[in-house]
Amino acid sequence: MLRGLYNWTMAKAAHPHAQGWLAFFAFIESSFFPIPPHPLLGLMCLAEPRKAIRFALICTAFSVLGGLFGYMIGYFLYEAVGEWLIGVLGLTDSFPKAACYIREQGAAAVFLAAGTPIPFKLMTITAGFIEMNLGTFILAAIAGRALIFMVVGVLFQVFGAPIKAIIDKYLGTVTTIFVVLVVAGFVAITQLGGHEGDADPDDPCANVTSMEQL
């Protein structure tokens, strides 16, 4: 069953319309969709390593465009759409803190969110809501999204074929190792992560819980 699922996914990733789906998911993830495009990008790069950089460029470009859409939601439609969307995504409690970090750190906050697992859609909507300089926002978004996606593209372009050969031959073993690493990562985060009240006293945004505090 695992082999069949792998082959099916690889076939879809190499589908003639896969690039369109990649662009679509990259766009909507930056503004309102909860699932990131990283898995699809990785599978497409794995299916066709020689096109990995092209796929990464598509993902970067449409993710930034989606980020602009999120910015517009925050800027023009926050009360009508943005506030509801933030709530649906479960990010209401994070919104005031995100606004604080963008006001305090500007481009650095957007860049960090664009290049890490921090929900990018939260930062794009928030940036629009607080009316962050649009040019600064675009440059930070391009830098962060290019970092996270282009690294994947370059690595698969250079090492993709050997990696694919290994996975094809040792699929079960690779899957087991991946699951073990994911579980170990969650355990490490649980054990080593901070607790309530451990906020940095020098961080002006650490204890922000409402917009009234900004």
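Biologist: Hi! What should I know about the model before I start?
Modeller: It's a predicted model, where local features need pLDDT of at least 70 and side-chain atom pairs count only at pLDDT 80 or more, while totals for chains, interfaces and linings use all residues. Residues are numbered from 1 along each chain as its sequence is written, and side-chain values use heavy atoms, with hydrogens and water left out.

Biologist: Okay, cysteines. How many disulfides are there?
Modeller: The count comes to one disulfide, going by a pair of cysteine sulfur atoms within 2.5 Å. Cysteine 100 and cysteine 205 form it, with their sulfur atoms 2.0 Å apart.

Biologist: Which parts does that pair tie together?
Modeller: Cysteine 100 lies in helix α6 (residues 95-105) and cysteine 205 in the segment after α10 (171-192), so the pair ties together parts that are 105 residues apart in sequence. Helices here are DSSP runs (H or I, at least four residues), numbered from the N terminus.

Biologist: Are those two cysteines buried or exposed?
Modeller: Cysteine 100 is buried at 5% relative accessibility, and cysteine 205 is buried too, at 1%. Buried means under 20% relative accessible area, exposed over 50%, and partly exposed in between (1.4 Å probe, protein chains only).

Biologist: New topic: how many residues does helix α2 have?
Modeller: Helix α2 (residues 18-29) has twelve, and it reaches 16 Å from its first C-alpha to its last, close to the 16 Å expected at 1.5 Å a residue. That expected span is 1.5 Å times one less than the number of residues.

Biologist: Which of its residues are buried?
Modeller: In α2 they are Ala18, Leu22, Ala23, Ala26, Ile28 and Glu29.

Biologist: And what about the surface, which residues form the nonpolar patch?
Modeller: Among them are Ile53, Phe111, Leu155 and Phe159, and the patch has about 760 Å² of accessible area together. Accessible areas come from the Shrake-Rupley method with a 1.4 Å probe, and for residues only the protein chains shown count as cover.

Biologist: Which helix gives the largest share of the patch?
Modeller: That's α9, with six residues.

Definitions and conventions. Patches are made of residues with over 30% relative accessible area and no salt bridge: like charges are joined within 9 Å, nonpolar side chains (Val, Leu, Ile, Met, Phe, Trp, Tyr) within 5 Å. A salt bridge is a side-chain nitrogen of Lys or Arg within 4 Å of a carboxyl oxygen of Asp or Glu. Helices (H or I, at least four residues) and strands (E, at least two) are DSSP runs, numbered from the N terminus.
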